[in-house]
Amino acid sequence: MLTGTQHRSAIEARGLRPIGELARNRPQGDRLRYMAGCRCPACRGANTAYERMRAKARKAGEANPFVPADAARAHIQALAAAGVGRRTLSIATDITEATLWAIKRGERANLRRATEKKILAMRADLLADGALVDAAPTWALIDALLKAGFTKKAIARGLGQQGSGLQLSRTRVTVRNAEKVRRLHDKLMATAERLVDATPSAALLQELLDEGYLPQRLQREIDGLPESMTLPKKIRAGLADQIAEAHRRLTQ
C-alpha cells in the first residue's frame, strides 16, 4: 500500500496538478482528501474502503493494470472533433479534466485499464446536455454545500428550481444538471457565507483575550462576534476571516 506522500509523488510525476489542488473542493470522506494528507475518520475510512476493494479485485483476478494511452487518446480526439468538450466528458466518466487533458496532449503515456474503458465507452451522440450520468458525484457536491450551512431551498434556488426541495434523482442526473451543480458549488464555497470549523478562530480569539483585549474592544473590531465571546462549533467564513484579520492587526 502506498503512503500519502508516495501517492502525491506518483501523481505529480505524471504531470498532474498537485494533489492538494485536486482535493481542495472535495468533501470529507473522499479518498483524494486522504491522499492530500487529511486523516479525519471519514477520509481514513474512504481510503480503507478503496484498498479493500482493490485487494478484493486482485484476489478475484480483476486487476486494474496500466495500459498504453493511445486508444483513449485517439477516442478523446475523435469526441472533441464531434463537439464533445473535456467538461462534458469529465462529467460523464467521472474522470478529472486534468487527466483527460493530459491524455489528449500525450502527456500521459499510460493509464489504468478501468479509465480506458470509461473513455472508450463514451459516444458523441450520448453526450448531449440531456444525457444521463451517475448522480453520486453531483450529490457529493450537494452534501458538501449542506455541510457548509447552505439549505436545500437555497441550493434549489441557485439551480433555478422552484420549491424548497431538490428536484434531482439520487441515481442519475443529466449532464446539464451535473454541470449546474458543479458551478453552484464552486460559487457558494467561495463565499463568506459558508460554514467552517470554528476551532482555529476560537484559538485566535482566546489569544487576544489573553493579551488583555477587552470583549467590548473586540466586538468593535469584529462584526457579529457573540457577547459571550464563545463561538459555536461552526461559524461563517466571513466571521472567521474577520477574526484572523483582527488577530493579525492587533498582534503585529
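Leaving aside its neighbours within four places in sequence, which residues is H185 in contact with? In this predicted model, where local features need pLDDT of at least 70, side-chain atom pairs count only at pLDDT 80 or more, and totals for chains, interfaces and linings use all residues, the partners of H185 are N25, L141, A144 and L145, contact meaning heavy atoms within 4.5 Å. Residues are numbered from 1 along each chain as its sequence is written, and side-chain values use heavy atoms, with hydrogens and water left out.

H185 lies in helix 11, residues 175–188, helices being DSSP runs of H or I with at least four residues, numbered from the N terminus. With a relative accessible area of 1%, H185 is buried (under 20%, using a 1.4 Å probe and protein chains only).

Elsewhere, helix 5 (residues 70–81) packs against helix 7 (residues 97–104) at an angle of about 105 degrees, their axes lying 8 Å apart; the axes are lines fitted to C-alpha atoms over the stretch in contact, and angles run from 0 to 180 degrees between N-to-C directions. Helix 5 is therefore roughly perpendicular to helix 7, a term covering 65 to 115 degrees. On the helix 5 side, A72, R73, I76, Q77 and A80 meet L100, I103 and K104 of helix 7.

The charged end of R31 sits over the ring of Y50, 3.6 Å from its centre, while R170 lies over the face of W139, at 3.6 Å from the ring centre.

Terms used:
A charge sits over a ring if NZ of Lys or CZ of Arg is within 6 Å of the ring centre and within 35 degrees of the ring normal. Helices (H or I, at least four residues) and strands (E, at least two) are DSSP runs, numbered from the N terminus. Angles under 35 degrees count as roughly parallel, over 145 as roughly antiparallel, 65 to 115 as roughly perpendicular and the rest as oblique. Buried means under 20% relative accessible area, exposed over 50%, partly exposed in between (1.4 Å probe, protein chains only).
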